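Load the model and keep the sequence beside it. The walk below goes from the whole chain down to single residues.

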Amino acid sequence: MTQPLLSLRNVQKHFGTVRAVDGLNLDIQENEFFALLGASGSGKTTLLRMLAGFEVPTGGEILLDGKDVSNVPPNRRPVNLMFQSYALFPHMTIAQNVAYGLEMEKCPKAEIKTRVGEMLEIIQLSHLAGRKPDQLSGGQRQRVALGRALIKRPRLLLLDEPLGALDKKLRGDMQLELKRLQHEFGITFIIVTHDQEEALVMADRVAILKDGTLLQCASPHDIYERPNSRYAADFIGVMNFMPAKVSNGRLLGAHGKPVTAQIPEGLHEGADVVVAIRPERLKVSAPQGDAAGSLPRGRVLATAYHGLDLQLHLETELCADPITVRLTAQEADQIALSQGDQLELGWDAKDTRVFAA
Ligand SMILES: Nc1ncnc2c1ncn2[C@@H]1O[C@H](COP(=O)(O)OP(=O)(O)O)[C@@H](O)[C@H]1O
Ligand SMILES: [Mg+2]
């Protein structure tokens with residue numbers, strides 16, 4: 001494998017007794033679109049600030065191209081951090097805002113003009129070059145901030161919750177826009193978000209942070225389909241958790257019957273576990289025969305129509321919380337569903353994950 005652009009080796013940042021970042025090990029490759037995902041306070045911003053050079057780690061090493069940059073100041077790193085609030089200069093025009101970084105570098109005037117023109121084209125704001133930031137929409141201001149960050153052609157662009165201030169529709173557009181820009185520029189992006197859907201949509205790899213440590217780092221597909229902990233399973237998307245106990249090599253559910261599951265190695269007799277399964281992996285059907293059948297049953301508490309799919313909430317004897325089932329429009333058409341209906345619930349062992357309770 002080629003040398004990673006960025007390597008974190010046991011990186012720590014402690015503020016007194018607060019362990020904001022607590023021993024991170026991570027390699028990020030050139031041209032990767034990498035997402036850091038974690039609840040508020042998990043250390044995301046602190047990590048970005050160390051990568052940008054605004055904080056010095058209290059332990060460990062940050063290597064760029066294999067060289068330790070822990071003590072290199074921000075302006076000497078080929079790294080740009082785009083802040084949570086875009087911090088555009090209100091008294092400058094859009095073109096001046098975009099030009100700012102090059103002006104500071106004392107770039108020749110003619111070159112600045114060309115590069116600002118190109119950048120305004122790319123962020124599709126050429127027609128608004130002479131406006132001030134307060135004359136733009138939220139999405140346009142976002143693009144100016146991106147242009148200002150990208151014009152210096154950093155090797156690594158750090159984005160801290162860049163889409164946090166935008167409404168849902170615009171967020172979706174900007175997610176695609178960011179991917180396009182990243183591809184076009186061939187720059188490594190590390191984006192921080194607390195929105196798991198956003199991370200899955202945009203990133204090549206996603207890392208889940210919790211209390212300053214790395215829980216899991218994988219492709220969006222694997223993070224979603226193969227979470228390595230109950231926390232990760234719960235944090236990403238919707239997950240049903242059914243309590244169970246290991247008994248004679250099987251799992252017995254809350255209803256006292258075996259629960260279909262892929263049982264991991266190393267579970268001891270009597271261990272308490274949870275069986276996790278995604279809503280879209282559950283199958284429902286009209287009950288066959290009497291209630292003594294082998295499949296667990298559920299009673300429809302509520303249905304929620306989402307356009308593309310239908311979500312069912314079922315009361316079952318498998319767990320105290322309602323179980324969520326996601327049916328495609330076609331599946332929903334084939335089965336009459338109204339509140340109070342009884343349904344049989346089925347799933348494949350391969351679609352389950354089992355975690356210690
Ligand atoms: N300058 C600081 N002094 C003391 N504690 C800090 C400082 N910066 C961050 N923290 C603490 O470090 C933890 C991680 O914060 P932060 O990196 O901002 O998390 P996130 O961006 O994931 O919400 C929090 O508990 C926060 O209160
Ligand atoms: Mg933050």
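This is a predicted model: local features need pLDDT of at least 70, side-chain atom pairs count only at pLDDT 80 or more; totals for chains, interfaces and linings use all residues.

Residues are numbered from 1 along each chain as its sequence is written, and chains are lettered from A and ligands numbered from 1 in the order in which they are written.

Start with the whole chain. Its C-alpha trace spans about 85 × 45 × 35 Å along the principal axes. The chain holds nine helices and 19 strands. Helices (H or I, at least four residues) and strands (E, at least two) are DSSP runs, numbered from the N terminus.

Next, burial and contacts. A residue is buried if 20 or more other C-beta atoms lie within 10 Å of its own, exposed if 12 or fewer, and partly exposed in between, with C-beta atoms placed from the backbone. Of the 357 residues in the chain, 34% are buried. Two residues are in contact if their C-beta atoms, placed from the backbone, lie within 7 Å. Take the contacts between residues at least 6 apart in sequence: 66% of them join residues at least 24 apart.

Now zoom in on a helix pair. Helix H2 covers residues 94–104 and helix H3 covers residues 109–122; their axes come within 10 Å and cross at roughly 130 degrees. That angle makes H2 oblique to H3. Angles under 35 degrees count as roughly parallel, over 145 as roughly antiparallel, 65 to 115 as roughly perpendicular and the rest as oblique. Axes here are lines fitted to C-alpha atoms, for helices over the stretch in contact, and angles run from 0 to 180 degrees between N-to-C directions.

Which residues meet? From H2 come Ala95, Val98, Ala99, Leu102 and Glu103; from H3 come Ile112, Arg115, Val116, Met119 and Leu120. By class, this contact of H2 with H3 has eight nonpolar, no polar and two charged residues. Ala, Val, Leu, Ile, Met, Phe, Trp, Tyr, Cys and Pro count as nonpolar, Asp, Glu, Lys and Arg as charged, and the others, Gly among them, as polar. An α-helix has 3.6 residues a turn, so residues three or four places apart point the same way.

The buried residues of H2 are Ile94, Ala95, Asn97, Val98, Ala99, Gly101 and Leu102. They pack against H3 and helix H4 (138–150).

Follow the chain out of H2. Lysine 106 sits in the loop between H2 and H3. Its phi is positive, near 60 degrees, in a residue other than glycine. Most residues other than glycine have a negative phi. Lysine 106 is exposed, because 7 other C-beta atoms lie within 10 Å.

Asparagine 248 also has a positive phi, about 50 degrees, and is not a glycine. It lies in the loop between strand S11 (240–247) and strand S12 (250–253). With 7 C-beta neighbours inside 10 Å, asparagine 248 counts as exposed.

Finish at threonine 213, in strand S10 (residues 213–218). Its C-alpha atom is 5.5 Å from that of aspartate 22, 191 residues away along the chain. Leaving out residues up to four places away in sequence, threonine 213 touches Asp22 and Gly23. It has 16 C-beta neighbours inside 10 Å, so threonine 213 counts as partly exposed.
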